[in-house]
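The explanation begins with the strands and then turns to the helices.

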Amino acid sequence: MHSSSLRLSSVVLTFAATVIGNAAAAFDPLSYVDQLIGSRNGGNIFPGATLPYGMAKAVADTTSGSNQGGFTLDDTPISGFSALHDSGTGGSPSLGNFPLFPYPSCPSDDIDQCDFPKKARAPRHGQFNASSVVARPGYFEVTLDSGIQAAMTTTMHTALFRFTFLGAGGNGTYPLILQDLTDLSDSRQDNGTISVDATTGRITGSGRFQSSFSQGLYVSYFCTDFSGSQILDNGIFVNSRATTDVKNLTISRSINGYPLPGGAFVRFASNNPVFARVGLSFISSEQACSNAEAEVPDYDFDGIEQAASDAWRQKLSPITISQGGVDDDFVKNFYSGIYRTMVNPQNYTGENPNFNTGEPYFDSFYCLWDSFRSQIPFLTITDPDAVAEMIRSLIDTYRYEGWLPDCRMTFSKGYTQGGSNADVVLADGYLKGINAGIDWDTGYEAVVKDAEVEPFDWSSEGRGGLDSWKGLGYIPVEDLDVKGFGTMTRSISRTLEYAYNDYVIAKFAEQRNNTADSEKYLQSSENWKSLYKSDQTSKFANGQDTGFVGFFQPKYLNATWGYQDPLWCSNIDTAGTVCSLQNTAHETFESSVWEYGFFVPHNQGDLITIYGGPDQFVRRLDFLHDENITYIGNEPAFLTVFQYHYAGRPALSAKRSHFYIPRYFDTTPEGLPGNDDSGAMGSFVAFSMMGLFPNPGQNVYLITPPYFESVNITHPQTGKTAIIRNVNFDPSYQAIYIQSATLNGEPYTKNWIDHSFFTEGKELVLTLGRNESTWGTAVQDLPPSIGEYTGFNRTSSKRRLRNVGTRYAPSFGEGMKFI
């Protein structure tokens, strides 16, 4: 059971923030949120209880190898219940600090007969039936096979757990709840501390842990109080032994590569339900206690859950749909994707131990390389106030640490994967009118510093190889860089990303009337051309030629060419190629030369030209998808789904979108093709189904038909409602091709739209049919590009439709042709 909420069958789904809680509301978006999508098969989502961007994130932690979000539905047992988590990340798990674990009793009421270390307790006592799991916004529940039902909800900095002892306590009488000085990745360093008050049972403590995907450390603190049952006794444990005689413990990590288990416990005089209130802080245990007392003063579990539910309802309410006969699973997919966009990053305002300037502070940007493409642009539409606070936080981090982050987690500098992509986030916000409280002068200063000044350690901030970038116009393979240091790989992907970073700075400068900077960075944004090798071929592993010529390739300092097989690091690369941040990796990051060959978001005109014109561009783009070269479970694939628009084939973008959803994105626990990456996958689903996909850093949304009869988006700041409505809507998705369009009642032929559509509340009406039409195909109707669109021969890109490959279902798009 993935949710206990009822599914409503109303065709017209109407809801607005002004009627929250009113019986007149015909639709509750929360009933269509399934938090367990992606809880199996590497989605790594956080499925537990939290608030939008909340610091407290309570869930059961399993022992799975994919427990980055804490809980998984892959038949692994539960090791504890903790209240700090990230969502959808890759790499080693983060957070999961200070888990609780309940026992109905210890055998014969001998505390030394309880299993305290998590390696012992999880396999013996952490089993559960998946049918007992209930997850809904602001709430999570699971019942252990021992008969203990664990339910949890949260405020911003506090988790409230309710443990109900449903079964017999074995041959003991007194329930026990322990709290462990551990985390998900067993990263605790020396001198973890814990204390338990002999009278009240309050447990306080702290530990120093390793930040994930970084070189940093952080200290977290907690304060746990209990209510509901009289306390019998309490104490501490070390390894597998416990005592009621000692109430304070400072414990070493030990020397064996695994932190020595230690913590505290409380036993209760009866098996009444026990509430455990866990306050959290990164400042002190005292602040953790204050947070708990202020946010959960009276252990009102139902009231806290209702407040959390209301907070989520308010966030999801700006987007409403008319279902139009579409199966409920599509609605669930849509709203669940929207939900996941607001789980991370996390609002740690007031909890930053390093600098407290009065500005908002957001953490768990994990990483901007993933989220700049669609997650943060989605929030720019649905929650611009939150995006303003995120941008203020990024700028404040620059003020304190000297650089905008590309990755940031638990106050640490995360590793930079490619370019300085905070530049894109800031420029995107500026271009779309996000202003509330933002010091844009400092923001502009920060992005220019990324472009001009090389940091000593560019593995975790800024850009590397800037002397070569400025002098040669590209990042060389095996560069000579004596100013800064980082992993000397990814020369192709860094060149392409730096070029786009410079383009968004140019647009930022242009909007600020800084003509000199705009021209300067517009010129360097063309550096991508330096690595295009016009005679480079590409062959499959068996030696068969792909039939395509002309790819990006690495280039040395002396301007001679290096070599990277264009299919290395692709989805069909079976050679075990290293493609991440290892010093043995190649020249593209987590993606192939084939896929990076389309990452010129600002100059598709020239890219189409060098690839032989629009027909050949479409053929190459088809090949990328149809031959399974791209991997839709990684963010560089996102924009390629919609890049047919630039070749005058918006119908193929719509078709490709429907190919991936729901084939690779569905509503099962294994329903994500890869890590959710802090909501990036959720935003791809939400944008695709909404029918507008962004080119981030530009004031451009590419138009495809929504997956519903209509979608309404009420702008939270202006209060105006943008409407995208399909005429001739077909819930079987046979008629997914735009025949004509109107904008505010006037004919509209462009295949893209700008952000004013949302802020001014315009209406876009799309008339659909079963065949590709000439709508949006004329050169003047294509999205903006630095380079001119050439090779179209006519003002329209009208041409004969070709077969798009065998990976489509035989009937998919049957009969599609021009009219």
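Two strands are taken to pair if DSSP finds at least two bridges between them, and the elements themselves are DSSP runs numbered from the N terminus, helices being H or I of at least four residues and strands being E of at least two. The model is predicted, so that local features need pLDDT of at least 70 and side-chain atom pairs count only at pLDDT 80 or more, while totals for chains, interfaces and linings use all residues. Residues are numbered from 1 along each chain as its sequence is written, and side-chain values use heavy atoms, with hydrogens and water left out.

In the order β24-β25-β30, three strands form an open sheet with antiparallel pairing; β24 (692-694) and β30 (752-753) are its edge strands, each pairing on one side only. Strand β25 (residues 701-703) runs antiparallel to β24 and is joined to it by three bridges, and Tyr701 of β25 is the bridge partner of Pro694. Helix α17 (residues 680-690) packs on the sheet, where it touches β24 and β25, and its direction makes about 135° with that of β24; contact here means heavy atoms within 4.5 Å, and angles run from 0 to 180 degrees between N-to-C directions, with axes fitted as lines to C-alpha atoms, for helices over the stretch in contact.

Elsewhere, helix α7 (residues 384-401) packs against helix α8 (residues 422-431) at an angle of about 135°, with the axes 11 Å apart. The two helices α7 and α8 are therefore oblique to each other, given that angles under 35 degrees count as roughly parallel, over 145 as roughly antiparallel, 65 to 115 as roughly perpendicular and the rest as oblique. Ile391, Leu394 and Ile395 of α7 make the contact with Val425, Leu426 and Gly429 of α8.
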